[in-house]
Amino acid sequence: MSVDAHHHVWDLSVRDQDWLVGPELEPLRRNFTIADLEPEARAAGVDRSVLVQTVTVAEETPELLALADRAPLVAGVVGWTDLTRPDVAEELARLRDLPGGGLLKGVRHQVQGERDPEWLLRPDVRRGLAAVADAGLVHDLVVLPHQLPSGARAADRHPGLAFVLDHLGKPPVSTGAAEPWAAAVREFAARPNTVCKLSGLVTEADPAHRTAGDLRPYADTVLEAFGPARLMFGSDWPVCTTAATYGQVVSMAEELTAELAEGERRAVFGGTASRVYGL
């Protein structure tokens with residue numbers, strides 16, 4: 001089974017996506033639906049997908065679960081809930097009782113937008129992460145490079161919780177630099193309960209430097225640090241469409257992993273996501 005472990009949908013008539021600012025994101029200011037994605041996914045050989053939250057609004061996750069319940073393509077949902085609320089365990093249970101609630105596989109918070117670089121280590125957040133672990137869910141981690149050290153420490157403090165690093169931890173692809181991101185991502189990967197998504201690279205790159213050769217140093221870093229058994233492909237559709245088509249993103253990922261053995265490629269393109277998310 002081939003899995004796209006990271007994509008989004010939104011309907012601007014239901015809710016604004018307030019992060020869509022600036023001319024470079026203007027093409028995304030329209031509706032994107034599962035029906036839009038399905039033919040592109042099928043054409044690229046993708047069988048199942050993981051639908052990921054986009055906004056920190058409580059109403060979004062029930063909507064995504066209900067949508068996933070009706071969409072054969074979607075095998076799991078990574079939603080959002082306020083990890084700092086004292087009743088987060090009860091809220092997770094409530095979400096799982098909703099239509100499509102059985103498809104809730106993880107929780108994500110936009111840590112990249114938090115000013116506190118150690119937000120993940122706050123006592124109230126740690127209580128929330130413990131509840132996520134107790135619920136048998138995973139935590140998708142979207143951070144900037146300077147926040148990776150706190151992610152590593154959070155993984156240490158919650159050894160029973162899988163931390164899935166979105167978009168390689170946002171490496172500085174546009175500058176061509178690797179450090180200090182590379183050292184931080186290797187340190188994060190040293191924790192056995194950490195996983196990484198091979199996603200988001202094309203939109204981090206400068207428009208003139210989006211070839212496989214430009215992106216390979218970053219892909220090779222996480223391949224070496226995590227290994228194929230802890231690496232999973234994600235398209236980041238439709239965000240990726242500002243830089244490449246869905247098919248081009250899949251082809252790029254295939255090129256970046258072409259030197260792996262067949263079993264290792266199967267892990268990156270489906271096995272790891274199926275295991276970690278319990279698809």
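In this predicted model, strand E4, which covers residues 104-109, is joined by four bridges to strand E5, which covers residues 138-141, and the two strands run parallel. One place to look for this pairing is valine 107, whose bridge partner in E5 is histidine 139. In general, the strands of a sheet pair through backbone hydrogen bonds, and this pairing can be either parallel or antiparallel.

If you now widen the view from this pair, you find an open sheet of eight strands with parallel pairing, in the order E1-E2-E3-E4-E5-E6-E7-E8. At the edges stand strand E1 (3-7) and strand E8 (231-233), and because each of them has a single partner strand, one side of each is left without a neighbour in the sheet. Neighbouring strands of this sheet are turned against each other by 25 degrees on average, with direction ignored.

Helix H8, made of residues 212-226, packs against helix H9, made of residues 246-256, at an angle of about 60 degrees, and their axes are 10 Å apart. Angles from 65 to 115 degrees would count as roughly perpendicular and those under 35 as roughly parallel, and H8 and H9 are therefore oblique to each other. Their crossing is right-handed. On the side of H8, the contact is made by Ala212, Leu215, Arg216, Ala219 and Leu223, while H9 contributes Met252, Glu255 and Leu256. Sorted by class, the contact of H8 with H9 has six nonpolar and two charged residues, and no polar ones.

Terms used
Residues are numbered from 1 along each chain as its sequence is written. This is a predicted model: local features need pLDDT of at least 70, side-chain atom pairs count only at pLDDT 80 or more; totals for chains, interfaces and linings use all residues. Side-chain values use heavy atoms; hydrogens and water are left out. Two strands pair if DSSP finds at least two bridges between them. Axes are lines fitted to C-alpha atoms, for helices over the stretch in contact, and angles run from 0 to 180 degrees between N-to-C directions. Angles under 35 degrees count as roughly parallel, over 145 as roughly antiparallel, 65 to 115 as roughly perpendicular and the rest as oblique. A crossing is left-handed if the near helix is turned anticlockwise from the far one by less than a right angle, and right-handed if clockwise. Contact means heavy atoms within 4.5 Å. Ala, Val, Leu, Ile, Met, Phe, Trp, Tyr, Cys and Pro count as nonpolar, Asp, Glu, Lys and Arg as charged, and the others, Gly among them, as polar.
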